[in-house]
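Subject: Handover of a structure and the findings from it

Dear colleague,

Please find the structure below, together with its sequence.

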Amino acid sequence: MKEFRFAFPVNIYFGNGELKKIGEAARELGTKALVVTGQGSMRRLGVLDRVESYLKEAGVEMVLFEGVEINPLITSVEKGSELARQEGCDLIIGVGGGSAIDAAKVIAVAAVNDGPAWNYVPSGDPGDREPQRALPIITVPTVAATGTEANRYAVITNPHTKEKPGLGHPLIYPKVSIVDPELMLSVSPRITAAGGMDVLFHALENYVNPKATPFTDMMAEKAISLVIKYLPRVYADGQDIAGRYWLALASTLAGMSNDGSGTVLLHSIEHPVSGHFNVIHGEGLCALSLAFMEYSIPGNLEKFARLPELMGYSTEGLSMEEAAKYSLKAMEDLLEKVNLNIRLRDLEVTEEILPQLARDVFKTMMGGVNNNPLVPTMEEVVEIYRKAL
């Protein structure tokens, strides 16, 4: 038995139609909001009009910053933070997928701290600095994916170096998160699948992390079981509002579990892939998942042996080692169901760049490497990439 501490400061409004709460939530935090969003879908779907209407009713002004990329760039963060300063914004609202929300979190830091925004992303560079304050943040996720609505993490890419480190800091906890599954009904099957698998891998990595606690295990197990039950269903029918509801809950639970435990090697080796190749993060995770699991299983047989049961498979009569290895079969079956049993080569990754990807892992993503059930050398990371090609 282990001792642990878990603190969770995010006020979550969860449920169908809860977007209507954004006005009253914003009014308690500021008077002029920079609304950060992606590349047009929130405008086309009328979500931004609704947000603006609710804010206006509450007496909160809105300044719009659109155009955040699928892998948000530090250059966009710089532009957004400059706009926030120019307009005198005292509140940041991220509306959209995890990319828009992560950008919003880092904008909240960059807008009120001196120097380049990249200094506040722990990249391993000499200029790395600790942020001293941040503007309050509200998040409105429109995809069940990263769980960023429920934790202190954000991921940003440097377009010049292709590095994609993660920032984890108490200052970027959202003050309020509004999780409204109705906003997720229009998500395409491809993004639904990639996002849902990101939820699953967050939960899986939190679960096998040696830092896991009974509390994070409880959330991770529930998130895994919800994804297994509802992702194939929502992949087949995007208008399944009940399925969207439970997937959204899985994302939030996995985000909370991630806050108390953390991702391990899989996310660490994926970030350089999407940093260099601008692939959808969830698809990069899928391409690497089986090679990651095969390497990591011996380091935590007990948890990996439990995974098939959480995924709906019987392990009766199997030894712990056999059950743990059976998790590979369970994962491959799920990947097939959502058309994501892919390889790195399907994402245009080549053999020649593998050493560079591994170097990026060891420069910017060592937290997850060191938390893995087995801690690899750089040469072993190259071999994991090679097996996933």
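A cavity is defined on a 1 Å grid over the protein atoms alone, as a set of points where a 1.4 Å probe fits but cannot get out. Grid points are joined across faces, edges and corners, and a volume is the space filled by probe spheres set on the points. A search of the whole structure on these terms finds one cavity of 30 Å³ or more.

Two remarks on the source are needed. This is a predicted model, in which local features need pLDDT of at least 70 and side-chain atom pairs count only at pLDDT 80 or more, while totals for chains, interfaces and linings use all residues. Residues are numbered from 1 along each chain as its sequence is written, and side-chain values use heavy atoms, with hydrogens and water left out.

The cavity

The largest cavity holds about 60 Å³ of space. Its lining (residues with an atom within 4 Å of a point) consists of Val143, Ala144, Met184, Val187, Thr192, Gly196, Arg244 and Leu247. Helix 6 (189-208) and helix 8 (241-260) are the elements that give two or more residues to this lining. Helices (H or I, at least four residues) and strands (E, at least two) are DSSP runs, numbered from the N terminus.

The paired strands

Two strands pair if DSSP finds at least two bridges between them. Strand 8 (residues 176-179) runs parallel to strand 1 (residues 11-14), and four bridges join them; Tyr13 has Ile178 as its bridge partner in strand 8. Strand 8 also pairs in the parallel sense with strand 5 (residues 137-141), over two bridges, and Thr139 is partnered there by Ser177.

In a regular strand the side chains alternate between the two faces of the sheet. Are the two faces of strand 8 covered or open? Both are covered: Val176 and Ile178 on one side, and Ser177 and Val179 on the other, are all buried. Buried means under 20% relative accessible area, exposed over 50%, and partly exposed in between (1.4 Å probe, protein chains only).

Strand 4 is mostly covered, with six of its six residues buried. Strand 4 is joined to strand 5 by five bridges, the two running parallel, and pairs in the parallel sense with strand 2 (residues 32-36) over four bridges. Val36 stands opposite Gly94 in strand 4.

Ile93 lies in strand 4 (residues 91-96) and stands opposite Ile138 in strand 5. Ile93 counts as buried because its relative accessibility is 0%. Leaving aside neighbours within four places in sequence, Ile93 is in contact (heavy atoms within 4.5 Å) with residues including Ile22, Leu34, Leu55, Ala104 and Val140. Leu34 is 59 residues from Ile93 in sequence, yet the two are 6.1 Å apart in space, C-alpha to C-alpha.

Two loop residues

Lys162, in the loop between strand 6 (153-155) and strand 7 (166-168), has a positive phi near 70° although it is not glycine. Lys162 is partly exposed, with a relative accessible area of 34%. Asn339 also has a positive phi, of about 60°, and is found in the loop between helix 12 (320-337) and helix 13 (354-364). Asn339 counts as exposed, at 60% relative accessibility.

Yours sincerely

How values were computed
1 Å grid on protein atoms, 1.4 Å probe; cavity = no way out; pocket = protein on both sides within 12 Å on 5 of 7 lines; lining within 4 Å.
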